[in-house]
Amino acid sequence: MKNDAKFWKPIGNNKVQCSLCHQGCRINNDRFGLCGVRKNENSKLYTLIYGSCSSIAADPIEKKPLYHFHPGSNALSLGTVGCNFKCLHCQNASISRATPDFSYMQEINPDKVIELAKKRGCEGIAWTYNEPTIWHEFSFDSSKLAKKAGLYTVYVSNGYIQEEPLREISPYLDAINVDIKAFTDDFYKKVCKARLEPVLKTCMLAKELGIHLEVTYLVIPGYNNSVDEIKQFCSWVVEQLGKNTPVHFSRFHPDHQMTDVPRTPMETMFKAYEIACDSGVLYTYLGNVPHGDYENTICPKCGNICIGRHGYSINLDGFKDGKCVKCGTNISIVI
Ligand code: SF4
């Protein structure tokens, strides 16, 4: 659905510059930005996806993944089409590379989002499946209504949103999981057509704005799996985001234009876990691996399992009133 876009300015010769994300596209008349959903029509920028939804489902919050935020709840999860990154290993290419005329699109309005969330017994809304930044106008309007209706709101993002739009939505955004795709600018440039630094700044700003933050790092063999790189990433998390920030290492599987790279060996995943613990990260998790202890929330003081997880089923017996039931240590979880 076409709507006025926010965060842009005319720059002469019928061109406009978009400042919603750090790509900062300069767009000629009758052309789209890199995300493929924002179009310059007669020197004015429009979003073509306001209220256009490619996927809707009630998902466990653990699926995002967010492990320290309303554990055990369901979030009405919505995605649209397009993306402001061009990751060679994209795991959602069927929608991230689709255009606004995508045949499975359904139109929805912010009131309907809230109504659906309540009808399906969800405690919140998650903007996910593809990059929510590029859906800003719609996710902002809907998130405002969601807060009024007592629902939480969540972004699952690549962290490329610019400061002004993040500040705008921050009063209505409770949590964000940011994918830190590697810890080198070279990887971001070659694999994602983006840069590392703005992503790190978004994480720090999210923290400053009081948005609950968890980070995910997809470990890809031969690309971002060196001990040094993972050490640098973990040290940065501890120093800049705080040791309480949950870190999710996710296991790569071949996809999209990176089908020649093998799955991440389990030993690499265990090594990443060990590096994070040694670096001082208090809550580390492994994703896309066979079920085991690596998805549990462990008390950093006494080792008690505070929250046990098996897939999306959870056991909260070891956690009460924000504390470990065994030793009383505060476990930083938003409930
Ligand atoms: S939101 Fe889209 S059009 Fe705007 S700067 Fe980012 S990629 Fe370009």
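Colleague: What volume does the largest pocket have?
Modeller: The largest pocket has a volume of about 1,200 Å³. This is a predicted model, where local features need pLDDT of at least 70 and side-chain atom pairs count only at pLDDT 80 or more, while totals for chains, interfaces and linings use all residues. Residues are numbered from 1 along each chain as its sequence is written, and side-chain values use heavy atoms, with hydrogens and water left out.

Colleague: What do you count as a pocket, and as a cavity?
Modeller: On a 1 Å grid over the protein atoms alone, a pocket is an open set of points with protein on both sides within 12 Å along at least five of seven lines, a cavity is a set where a 1.4 Å probe fits but cannot get out, and lining residues have an atom within 4 Å of a point. Points are joined across faces, edges and corners, and the volume is the space filled by probe spheres set on them.

Colleague: How many residues line the largest pocket, and which lie nearest its centre?
Modeller: There are 42 lining residues, and Lys63, Lys64, Gln91, Asn92 and Asp179 lie nearest the centre of the largest pocket. Two or more lining residues come from each of β12 (152-157), β13 (175-179), β14 (212-219), β15 (247-251) and β16 (284-287). Strands (E, at least two residues) and helices (H or I, at least four) are DSSP runs numbered from the N terminus.

Colleague: How does that lining split by class?
Modeller: The largest pocket's lining has 15 nonpolar, 18 polar and 9 charged residues. Here Ala, Val, Leu, Ile, Met, Phe, Trp, Tyr, Cys and Pro count as nonpolar, Asp, Glu, Lys and Arg as charged, and the others, Gly among them, as polar.

Colleague: And how many cavities of 30 Å³ or more are there?
Modeller: The count is 1 cavity of 30 Å³ or more. The largest cavity has a volume of about 90 Å³. Its lining has 13 residues, with Cys18, Cys21, Cys25, Cys35 and Arg38 nearest the centre. By class, the largest cavity's lining is 8 nonpolar, 4 polar and 1 charged.

Colleague: Switching to helices: at what angle do α7 and α8 pack?
Modeller: Helix α7 (residues 227-241) and helix α8 (residues 266-279) pack at about 40 degrees, with their axes 9 Å apart. That makes α7 oblique to α8. Axes are lines fitted to C-alpha atoms, for helices over the stretch in contact, and angles run from 0 to 180 degrees between N-to-C directions. Under 35 degrees counts as roughly parallel, over 145 as roughly antiparallel, 65 to 115 as roughly perpendicular and the rest as oblique.

Colleague: Which residues make that contact between α7 and α8?
Modeller: Val227, Ile230, Lys231, Cys234, Ser235 and Val238 of α7 meet Lys271, Ala272, Ile275, Ala276 and Ser279 of α8; contact means heavy atoms within 4.5 Å.

Colleague: Last topic: which peptide bond from Lys64 is cis?
Modeller: The bond from Lys64 to Pro65 is cis, with omega near -5 degrees. Pro65 sits in the loop between β8 (55-60) and β9 (74-79).

Colleague: What about phi at Asn13?
Modeller: Asn13 has a positive phi of about 55 degrees although it is not a glycine. You'll find Asn13 in the loop between β2 (8-12) and β3 (15-18). Most residues other than glycine have a negative phi, and most peptide bonds are trans.
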